[in-house]
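Please keep the structure in view while reading.

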Amino acid sequence: MTNLNDGKLTFPNRWGGIVVLAIGLAVSSSWASDLAVDHLFAVKSGDVAEEFHVGQTDPSGLLCFNFDTAPTSNHVYDQSASFHVGTVWSGATWTAAGHTEGSAAFSFSGVMSGSITLTNIPALNNPATTKAITMTAWVQTTNAYGHVIGAYSGTAPHYGYSLAFGFGGVNKLSLWTGGSAWYGGGSTEATDGNWHFVAAVVQSNNYTLYVDANVDGQGTCDPITSYTGTRAIGHRADAGSWPFVGKIDEVQIFDRALSSQEVAAVRSGTRTAVYSNVALRVEAGAVTIPRLVPQGDIGMGIYSDGP
């Protein structure tokens, strides 16, 4: 039998055969029937398997592009439970140089067509119902203006929502909620060419902007309005003016207002919109599950063809 103690699952040395692991997060107390399997793969005792990024899955996550995998046939794939597919257009280029060592990102050249677009995604209109949204991303730019997440119509009355730079104040993080004005103009200029974590949180008629998990502006705003059209990363949704120039990494959207502590957790990677992810490492016959506070219980199934 295996031994699970202090987060480490140890295989006895006599297990020299193939071990198949299914790791997932339970979404209720009866995890046997509700297990969301995240990783299913085979390893040999003593082999070293990939160490997966880990975070606490947030059930309110609507979108999560970490961009760590190169696009396939000009498509990138959402890691949230919504499983969106983004189309990569000319001017958006995948790069292995993300915001931290080992992560990747997309570089945007600023051409009008350069973006990642998402179409026919009803779930991304949820914030119009909940009247709440949190948008987060890592960005690197020196441009005073540019759309990070463009999810609104370029035709009046401009329904939707957007996270950008410059429109609420030159070089400043800015927010659009589908009304008649941009909000922002905080004290931090995050367009200095370094990587910065940016976030916008809206709850009804109130907003808070964050740069590197620090509050950089707050006040009242128009409520989120319904918009079912194209969404874009690195551009306005209708490919209008002010495309983004620079790099964007780890774009996430939640259909509720995260607290300041939760925003900080997204920045550190301990909270995520990734669907049911649990990290594990197989090395020298042992699987290690890091300490974390998951959404539900951790479930594990094991098969070995060894004695």
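The model is a predicted one. A hairpin connects strand E14 to strand E15, with two residues in the link.

**Strand E15 and its partners**

E14 covers residues 160–166, and its pairing with E15 is antiparallel, over five bridges. Within this pairing, Phe-165 has Leu-173 in E15 as its bridge partner. E15 also pairs with strand E16 (residues 182–184), again in the antiparallel sense, and here three bridges join the two strands. Leu-175 is placed opposite Tyr-183 of E16. The hairpin of E15 and E16 has five residues between the strands, and in this hairpin Gly-178 has a positive phi near 95°.

How enclosed is E15 by the rest of the structure? The strand spans residues 169–176, and seven of its eight residues are buried, so E15 is largely enclosed.

**The protein as a whole**

The protein has three helices and 25 strands. It is made of 307 residues, of which 50% count as buried. The exposed surface comes to about 13200 Å², and carbon and sulfur atoms supply 51% of that area. Taking contacts between residues at least 6 apart in sequence, 63% join residues that are at least 24 apart.

**Aromatic pairs**

The count of aromatic pairs is 11. One of them is formed by Phe-67 and Phe-106: the ring centres are 4.9 Å apart and the planes are at 75°, and because planes over 60 degrees apart count as edge-to-face, this pair is edge-to-face. The two residues come from distant parts of the chain, 39 residues apart, with Phe-67 in the loop between E6 and E7 and Phe-106 in strand E10 (residues 105–109). Phe-67 is buried, at 3% relative accessible area, and Phe-106 is buried as well, at 0%.

Trp-176 and Trp-182 form another aromatic pair, this one tilted, with 5.5 Å from centre to centre and 50° between the planes. Trp-176 counts as buried at 6% relative accessibility, whereas Trp-182 is partly exposed at 22%. The two pairs are set out below.

| Pair | Centre distance | Angle between planes | Geometry |
|---|---|---|---|
| Phe-67 and Phe-106 | 4.9 Å | 75° | edge-to-face |
| Trp-176 and Trp-182 | 5.5 Å | 50° | tilted |

Phe-67 and Phe-106 also belong to a cluster linked by ring pairs, together with Phe-65, Phe-108 and Phe-244.

**A buried glutamate**

Which residues does Glu-250 contact, leaving aside its neighbours within four places in sequence? They are Phe-65, Asn-66, Phe-67, His-99, Thr-136, Ala-137 and Trp-138. Phe-65 and Phe-67 in this list are also members of the ring cluster. Glu-250 itself is part of strand E21, which covers residues 245–254. Although buried, Glu-250 has no salt bridge. The nearest side chain of opposite charge is that of Arg-267, 10.0 Å away.

**Positive phi in loops**

Asn-74 has a positive phi near 65° and sits in the loop between strand E6 (61–65) and strand E7 (75–77). Ala-213 is not a glycine either, yet its phi is positive, at about 70°. Ala-213 belongs to the loop between strand E18 (206–211) and strand E19 (214–220).

Key. Residues numbered from 1 in each chain as written. Predicted model: local features only at pLDDT ≥ 70, side-chain atom pairs only at ≥ 80, totals over all residues. Heavy atoms only, no water. Helix = DSSP H or I, 4+ residues; strand = E, 2+ residues; numbered from the N terminus. Buried < 20%, exposed > 50% of the residue type's maximum accessible area, 1.4 Å probe, protein only. Lys, Arg positive; Asp, Glu negative; His and termini not counted. Salt bridge = Lys/Arg side-chain N within 4 Å of Asp/Glu carboxyl O. Contact = heavy atoms within 4.5 Å. Areas by Shrake-Rupley, 256 points an atom, 1.4 Å probe, with all protein chains shown as cover. Pairing = 2+ DSSP bridges. Phe/Tyr/Trp six-rings, centres within 6.5 Å; stacked < 30°, edge-to-face > 60°.
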